[in-house]
Amino acid sequence: MKPALENQVAIVTGSSRGIGKAIARTFAREGASVIICGRKQETLEQVAAEPFDGPGALIPHACHVGRADDLKRLVEAAHQRFGRVDVLVNNAATNIAQEPVLKVDEGKFDKMVEVNLKSAFRLIQAVAPGMCDRGRGSIINIASIAGLRPQYHGMLYSMTKAALIMMTKSYAFELGPKGVRVNAIAPGLIQTALSEYYWNGEGKLDAILAQQPLQHLGQPAEIAETALLLASDRGSYITGQTFVIDGGRLLP
Ligand SMILES: NC(=O)c1ccc[n+]([C@@H]2O[C@H](COP(=O)([O-])OP(=O)(O)OC[C@H]3O[C@@H](n4cnc5c(N)ncnc54)[C@H](OP(=O)(O)O)[C@@H]3O)[C@@H](O)[C@H]2O)c1
């Protein structure tokens, strides 16, 4: 079978580690040229140098997704090198405000919106016109189950992820007729640096697994395989959806 993303050009934000790195490596395994992005060029170069099986490539490009100029340069670099972007994964996110709602201040509100939400808007606005002109493209926004249910002391994170899910549906609605598919993935708990607080510590993992039908801690690769489906023609009839990948945690 031919690689699912042969000759495709992808941008994956926040791909220096965790879920974004797993998505980038999976796409490269399937033949894509993947521009990987995070804040430190040196870390990205280390990621790009790690071996993987497959015909694609990982191209490091440092970018702070909360900065409009950085995002502009990222897209320009992709266009200069490849002339197009076929797949965009908005994955980079932060959580700087895990605290009671009445402690949340405006500075954190603005920063969380800038990094978790506006970055996706800015990148979609920059790459989607080219996708529409070519009549094809796939955009994947990494949301969270926290965008579907409120997370205690996590208002800003939940709010940005809920908005990302609605942004996904709105773009899917309008860009579908132009051949551009837009979907979201809402992971549950996945073993990464971002979520370490929840799973690393005496009894924490056992407490989580007690609420979850599938009895293991989710791994970044389990998100990456769904991203591959959505990015490739194998997902050609899917748009506007949010895929909950949470080991069944939201079932009860
Ligand atoms: N892990 C979970 O349980 C879980 C659950 C639900 C949803 N998610 C979502 O999954 C996505 C990936 O999370 P993760 O768990 O893989 O997190 P992670 O391991 O902390 O990785 C986050 C990535 O984003 C990058 N990043 C952070 N801030 C950035 C910025 N301002 N500009 C550019 N890059 C930035 C980081 O790179 P640098 O630090 O090198 O810049 C890193 O590559 C996020 O959208 C998160 O909300 C995760």
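Visitor: Okay, which residues in helix 3 meet helix 4?
Guide: Keep in mind that this is a predicted model. From helix 3 you have Ala68, Leu71 and Val75, and they meet Ser119, Arg122, Leu123, Ala126 and Val127 in helix 4.

Visitor: And how does that contact divide by class?
Guide: Six of its residues are nonpolar, one is polar and one is charged.

Visitor: Why that kind of spacing along a helix, with residues three or four places apart?
Guide: An α-helix takes 3.6 residues for each turn, so residues three or four places apart point the same way.

Visitor: At what angle do helix 3 and helix 4 pack?
Guide: About 35°, and their axes are 10 Å apart. The crossing of the two helices is right-handed.

Visitor: Where is the kink in helix 4 centred?
Guide: On lysine 118, with a kink of about 45°. Helix 4 still reaches 40 Å between its first and last C-alpha, close to the 42 Å expected, and it has 29 residues.

Visitor: What follows helix 4?
Guide: Glycine 135, with a positive phi near 75°.

Visitor: Switching to the ligand: which residues come nearest?
Guide: Gly14, Gly18, Gly38, Arg39 and Ala93, out of 30 residues around the ligand.

Visitor: How many of that shell are nonpolar, polar and charged?
Guide: Twelve nonpolar, 15 polar and three charged.

Visitor: Which element gives the largest share?
Guide: Helix 1, residues 18-29, which supplies three residues of the shell.

Key:
Residues are numbered from 1 along each chain as its sequence is written. This is a predicted model: local features need pLDDT of at least 70, side-chain atom pairs count only at pLDDT 80 or more; totals for chains, interfaces and linings use all residues. A residue is near a molecule or strand if its C-beta atom, placed from the backbone, lies within 6 Å of it. Helices (H or I, at least four residues) and strands (E, at least two) are DSSP runs, numbered from the N terminus. Ala, Val, Leu, Ile, Met, Phe, Trp, Tyr, Cys and Pro count as nonpolar, Asp, Glu, Lys and Arg as charged, and the others, Gly among them, as polar. Axes are lines fitted to C-alpha atoms, for helices over the stretch in contact, and angles run from 0 to 180 degrees between N-to-C directions. A crossing is left-handed if the near helix is turned anticlockwise from the far one by less than a right angle, and right-handed if clockwise. Two residues are in contact if their C-beta atoms, placed from the backbone, lie within 7 Å. The expected span of a helix is 1.5 Å times one less than its number of residues. The bend at a residue is the angle between axes fitted to the seven residues ending there and the seven starting there.
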